[in-house]
Amino acid sequence: MAIIVQGAFCLAEPNLGPGRWLGSLTAMGAGALLLVGFLTPIAGSVAALGAIGAGLSVFPACTTTLFDARLTIVFSATILIAIVLMGAGAFSVDARVFGRREIIIPPSS
């Protein structure tokens, strides 16, 4: 949800260039996909790379940003990477379309 809000903050700025426009729409799209749980690994990767890129000043940042502090960026990227590696939840669109994934931990010997 925070990614959608960040994209909306960027779109509300005056004098948007094409890079910020594209970045804002990408953030809102990735946030919406993560919210419903569709294409979770792809959307999570895009959102994590965007958060890290904005934090490292690779991408043009908005003046109103939720990711001002480095700790917030690290926290967000860690959560997004965990979502990418673990997959969507049981009640997501991915689980409905592609089937539920079960993590099987073998017994220790």
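This is a predicted model: local features need pLDDT of at least 70, side-chain atom pairs count only at pLDDT 80 or more; totals for chains, interfaces and linings use all residues.
Trainee: Where do I start, and how many helices and strands does the protein have?

Mentor: Start with the secondary structure, then move to the pairs that pack. The secondary structure here comes to 5 helices and 0 strands. Along the sequence the pattern reads α-α-α-α-α. For overall extent, the C-alpha atoms fill a box of roughly 60 × 30 × 15 Å along the principal axes.

Trainee: Take helix 1 and helix 2. At roughly what angle do their axes cross?

Mentor: Read the angle together with the distance between the axes. Helix 1 covers residues 2–11 and helix 2 covers residues 18–36. Their axes come within 7 Å and cross at roughly 155°. Angles over 145 degrees count as roughly antiparallel, and helix 1 and helix 2 are therefore roughly antiparallel to each other. As for handedness, helix 1 passes helix 2 in a left-handed crossing.

Trainee: Which residues of helix 1 and helix 2 meet?

Mentor: On the helix 1 side they are I3, I4, G7, A8, C10 and L11. Their partners in helix 2 are W21, S24, L25, A27, M28, G31, A32, L34 and L35. Sorted by class, this contact of helix 1 with helix 2 has 12 nonpolar residues, 3 polar and no charged.

Trainee: Next is helix 2 with helix 3. Why is helix 2 oblique to helix 3?

Mentor: The axes of helix 2 and helix 3 come within 9 Å, and the crossing is at roughly 140°. Helix 2 contributes T26, A30, L33 and L34 to the contact, and helix 3 contributes T40, A43, G44, V46 and A47. By class, the contact of helix 2 with helix 3 holds 6 nonpolar and 3 polar residues, with no charged ones.

Trainee: How far apart are the axes of helix 3 and helix 4?

Mentor: They are 8 Å apart, and the two helices pack at an angle of about 165°. Helix 4 spans residues 70–86. Helix 3 and helix 4 are therefore roughly antiparallel to each other, and their crossing is left-handed. From helix 3, the residues in contact are T40, P41, G44, S45, A47, A48, A51, I52 and G55. Those in helix 4 are R70, I73, A77, L80, I83 and V84. The classes in the contact of helix 3 with helix 4 are 10 nonpolar, 4 polar and 1 charged.

How values were computed: Residues are numbered from 1 along each chain as its sequence is written. Side-chain values use heavy atoms; hydrogens and water are left out. Axes are lines fitted to C-alpha atoms, for helices over the stretch in contact, and angles run from 0 to 180 degrees between N-to-C directions. Helices (H or I, at least four residues) and strands (E, at least two) are DSSP runs, numbered from the N terminus. Angles under 35 degrees count as roughly parallel, over 145 as roughly antiparallel, 65 to 115 as roughly perpendicular and the rest as oblique. A crossing is left-handed if the near helix is turned anticlockwise from the far one by less than a right angle, and right-handed if clockwise. Contact means heavy atoms within 4.5 Å. Ala, Val, Leu, Ile, Met, Phe, Trp, Tyr, Cys and Pro count as nonpolar, Asp, Glu, Lys and Arg as charged, and the others, Gly among them, as polar.
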